[in-house]
Amino acid sequence: MKKIILFILSISLILGITGCSNKEIEPVSRETFALGTIIDFKVYDKDQDKANKVIDESIKRIKDIEQKMSANIEDSEITTVNKNAGKQSIKVSDETMYVAKKAFEYSDITNGRFDLTVYPLVNIWGIGTEHAKVPSQSEIEDAISIIDYKDVVFDEAQKTIYLKRQNQGIDLGAIAKGYVGDEIKKIFIENDIKSAFVNLGGNVMAYQSKIDGSKWRIGIQNPLEPRGEYLGIASVEDKSIVTSGNYERYFEEDGKRYHHIIDATIGYPADTGVISTSIITESGIDADALSTSVYLMGLEEGVKLIESLDGVEAIFVTKDKEVYTTSGLKESFELTNEEFKYKN
Ligand code: ADP
Ligand code: MG
């Protein structure tokens, strides 16, 4: 008799557990605008209040980072460094120092193809702003002449950044969103969130796995179609997936498209035959810096760089609708759009 009761009890316990299983947790979703883009949160937790608070805290953190690092905010730390170029060094926060130094590292790795002092060129092109235009050749030459990441002086002890020449400027637009993703992840960890998904305008942070334990399936944007049309799917767990594309931010003049990733050697939007690059790796800041870097390097050199790095994978899309994936993606990436063909 006792045994039977115990048996029934344990069955109902099991049912009880599966009855309120993770599968039924609905995410708390929110959209906000920051860093020049729409940011989309999905946070899964049994406690919806907690999920909401975690999103509030994340948005606060995003605004805080933007206020320090944006080159478009009048009194940000980066704007202050830029205004004082050739004059004096400026004290910055530890995190601005960290992100700028990372940007310097990538400038070095790519031999200046990625260059954190690209601001003068970004500024005269104004892509994504109301004053976007093709600059005159002399404006371009003037800007190119002052772009050189080696002119950034970091003083770790004093916590300052200094630009050696007047009119030089730092732009962290290619890396800051990735850092933001990493900082949001820290907030999720601190609050013991089990599953979340954040999309920062092309920078996706897939935190842990889906709430049912399966992998996140991340659509890789079809660069030739409007946002939300995918060319393939990457299955991932706890990864940042960052895409740089010529469709993200651009303007058209005389039927020609001018996008926002600038080749600082010629002063024009990069045209290497690649129209989109995606990086999949754990660290958001590395993913962001690398997606822009390999976009600028092009397919051949870009693939070489990614294959030399541990735990980093990439998807390249060329203007001939060819797709190239690095060796670690054979199983986890699926090309779903038949217009595109594998190059490898
Ligand atoms: P998105 O911001 O659309 O996600 P990216 O991460 O590729 O795309 O960054 C593009 C931004 O990087 C530009 O808007 C500009 O601020 C900056 N940028 C443009 N050209 C360069 C370059 N050669 N080196 C470093 N940063 C660049
Ligand atoms: Mg980037």
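Me: Why is Asp64 called partly exposed?
Reply: In this predicted model, Asp64 has a relative accessibility of 32%. Buried needs a value under 20% and exposed a value over 50%; 32% falls in between, so Asp64 counts as partly exposed.

Me: What makes the pair Asp64 and Lys68 a salt bridge?
Reply: The closest N and O atoms of Asp64 and Lys68 are 3.9 Å apart. The cut-off is 4 Å between a Lys or Arg side-chain nitrogen and an Asp or Glu carboxyl oxygen, so the pair qualifies.

Me: Where do Asp64 and Lys68 sit relative to each other?
Reply: Both are in helix α2 (residues 48–69). They are separated by about one helical turn because they are 4 residues apart in that helix.

Me: How do you know whether Lys68 is buried or exposed?
Reply: The relative accessible area of Lys68 is 18%. Buried means under 20%, so Lys68 is buried.

Me: What makes Arg113 and Glu301 a salt bridge?
Reply: Their side chains meet at 3.1 Å, N to O, and the limit is 4 Å. The pair links distant parts of the chain, 188 residues apart: Arg113 is in the loop between α4 (94–109) and α5 (119–125), and Glu301 is in helix α9 (residues 299–307).

Me: Why are Arg113 and Glu301 called partly exposed?
Reply: Arg113 has a relative accessible area of 23% and Glu301 a relative accessibility of 37%.

Me: Is Asp151 buried or exposed, and what is Arg165 called?
Reply: Asp151, with a relative accessible area of 10%, is under the 20% cut-off and is therefore buried. Arg165, at 34% relative accessibility, counts as partly exposed.

Me: Which residues are joined into one network by salt bridges that share partners?
Reply: The network consists of Arg61, Asp64, Lys68, Glu95, Glu183 and Lys186. In the whole structure, the search finds 22 salt bridges.

Me: Why is Thr325 called buried?
Reply: Thr325, in strand β17 (residues 322–325), has 4% relative accessibility. The value is under 20%, so Thr325 counts as buried.

Key. Residues are numbered from 1 along each chain as its sequence is written. Chains are lettered from A and ligands numbered from 1 in the order in which they are written. This is a predicted model: local features need pLDDT of at least 70, side-chain atom pairs count only at pLDDT 80 or more; totals for chains, interfaces and linings use all residues. Side-chain values use heavy atoms; hydrogens and water are left out. Helices (H or I, at least four residues) and strands (E, at least two) are DSSP runs, numbered from the N terminus. Buried means under 20% relative accessible area, exposed over 50%, partly exposed in between (1.4 Å probe, protein chains only).
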